[in-house]
Amino acid sequence: MNGEIGVESTVGAGTRFYFTVRCEVGDAQNVTGLDSEIPNSSTLPLETDHKLKILVAEDNAVNQLVIRTMLEKAGHELEVVENGALALEAVQATSYDLVLMDVNMPEMDGITATKHIRALKGPAREIPIVALTANALNGDRERMLDAGMSDYVAKPIEPARLAAAMARQCDIDAQLDSVVSNEDSEPQELTEDQLKAFDDLSV
């Protein structure tokens with residue numbers, strides 16, 4: 001295809017892979033096998049027939065609001081706790097389909113909480129746990145997986161990445177949208193910290 005592929009790498013700095021191909025501009029009318037009725041990702045409905053009961057362990061008000069808005073807009077049911085100790089208590093009291101676990105939290109961090117959950121007896125120990133973390137380097141990834149986490153999503157949280165992790169762990173066709181405006185949330189359902197976070201997010 002008259003192209004090339006290559007790699008540039010510097011020890012301790014990183015690696016860049018690249019490729020180029022030279023193609024002529026095509027005519028869609030001459031392409032067979034296309035189904036014009038297949039919607040693209042922007043037109044797929046957010047709601048799914050597979051409603052999940054999700055526990056979110058996250059201490060940051062902005063992240064709580066972003067996650068809540070994305071998931072509740074898609075029809076999922078959420079409970080939010082602010083640290084790993086409360087998450088450990090919650091999974092023993094209620095049956096969840098998924099846990100979204102922040103890694104760095106007060107009282108008990110996400111990795112410690114995950115280890116305690118995996119040590120439980122009964123079905124709670126098998127619950128999928130997706131780490132939410134600003135650290136996604138190779139060493140951090142291995143540390144999270146070694147602790148028993150099932151998957152991870154890097155922060156800042158992007159809807160597509162979170163939806164993909166949900167699809168992998170819960171075997172559903174997840175579609176999520178980003179936070180657009182505070183019109184999507186009922187003011188009386190938000191705490192003062194979340195309302196301030198939303199204002200900060202909208203600036």
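Start by selecting helix 1, residues 61-73. Helix 1 lies across strand 3 (53-57), strand 4, strand 5 (98-102) and strand 6. It runs at about 170° to strand 4. Contact here means heavy atoms within 4.5 Å. Axes are lines fitted to C-alpha atoms, for helices over the stretch in contact, and angles run from 0 to 180 degrees between N-to-C directions. Helices (H or I, at least four residues) and strands (E, at least two) are DSSP runs, numbered from the N terminus.

Next, select helix 2, residues 84-93. Helix 2 packs on the sheet and touches strand 3, strand 4 and strand 5. Its direction makes about 160° with that of strand 3.

A word on the model before going on. It is predicted: local features need pLDDT of at least 70 and side-chain atom pairs count only at pLDDT 80 or more, while totals for chains, interfaces and linings use all residues. Residues are numbered from 1 along each chain as its sequence is written, and side-chain values use heavy atoms, with hydrogens and water left out.

Five strands form an open sheet in the order 4-3-5-6-7, with parallel pairing. Two strands pair if DSSP finds at least two bridges between them. Strand 4 (77-81) and strand 7 (151-154) stand at the edges with a single partner strand each, so one side of each is left without a neighbour in the sheet. Neighbouring strands are turned by 20° against each other on average, direction ignored.

Zoom to strand 6, residues 129-133. Four bridges join strand 6 to strand 7, and the two run parallel. Pick Thr133: opposite it, in strand 7, stands Ala154.

Move to helix 3, residues 110-118, and select Thr114 there. Is Thr114 buried or exposed? At 0% relative accessibility, Thr114 counts as buried (buried is under 20% relative accessible area, exposed over 50%, partly exposed in between; 1.4 Å probe, protein chains only). Leaving out residues up to four places away in sequence, Thr114 touches Met101, Ile129, Ala147, Gly148 and Met149.

Glu107 counts as exposed, at 72% relative accessibility.

Finish at strand 1, residues 4-10, where Ile5 is found. Ile5 counts as exposed at 73% relative accessibility.
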